[in-house]
Amino acid sequence: MEVEWRRTDSETLVHLYQDGESRAEAQHQDYQDRAHFFTDQIQHGNFSLRLDDLRAEDEGQYKCKDRVAPYLRLWVKTSL
């Protein structure tokens with residue numbers, strides 16, 4: 001299974017889950033150590049994205065895609 005979260009404005013890879021694990025080395029450097037899945041929820045099919053230490057530049061639209069489902073979208077609005 002492969003699940004990816006990307007920014008819609010730049011196609012920047014925010015987070016990737018592949019072959020049963022998160023692939024931090026594939027993330028854009030701006031999101032390393034900040035973008036995560038709720039690992040205890042993956043077994044339930046929940047690949048919600050968690051962004052830690054929000055920054056003003058995180059504001060925008062994100063999309064999630066896996067090999068089966070169409071894109072899901074997420075909007076992040078900061079008040080920083």
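Asp19 is exposed, with a relative accessible area of 60% (exposed means over 50%, buried under 20%, partly exposed in between, using a 1.4 Å probe and protein chains only). The model is predicted: local features need pLDDT of at least 70, side-chain atom pairs count only at pLDDT 80 or more, and totals for chains, interfaces and linings use all residues. Residues are numbered from 1 along each chain as its sequence is written, and side-chain values use heavy atoms, leaving out hydrogens and water.

**Fold elements**
- The protein chain has 0 helices and 7 strands (helices are DSSP runs of H or I with at least four residues, strands are runs of E with at least two, numbered from the N terminus).
- Read from the N terminus, the order is β-β-β-β-β-β-β.

**Burial, surface and contacts**
- The protein chain holds 80 residues, and 34% of them are buried.
- Take the contacts between residues at least 6 apart in sequence: 35% of them join residues at least 24 apart (a contact means heavy atoms within 4.5 Å).

**Two residues with positive phi**
- Asp19 sits in the loop between β2 and β3 (21–22).
- Phi of Asp19 is near 55°, a positive value in a residue other than glycine.
- Glu11 lies in the loop between β1 (2–7) and β2 (13–18).
- Glu11 is not a glycine, yet its phi is positive, at about 65°.
- Glu11 is partly exposed, with a relative accessible area of 36%.
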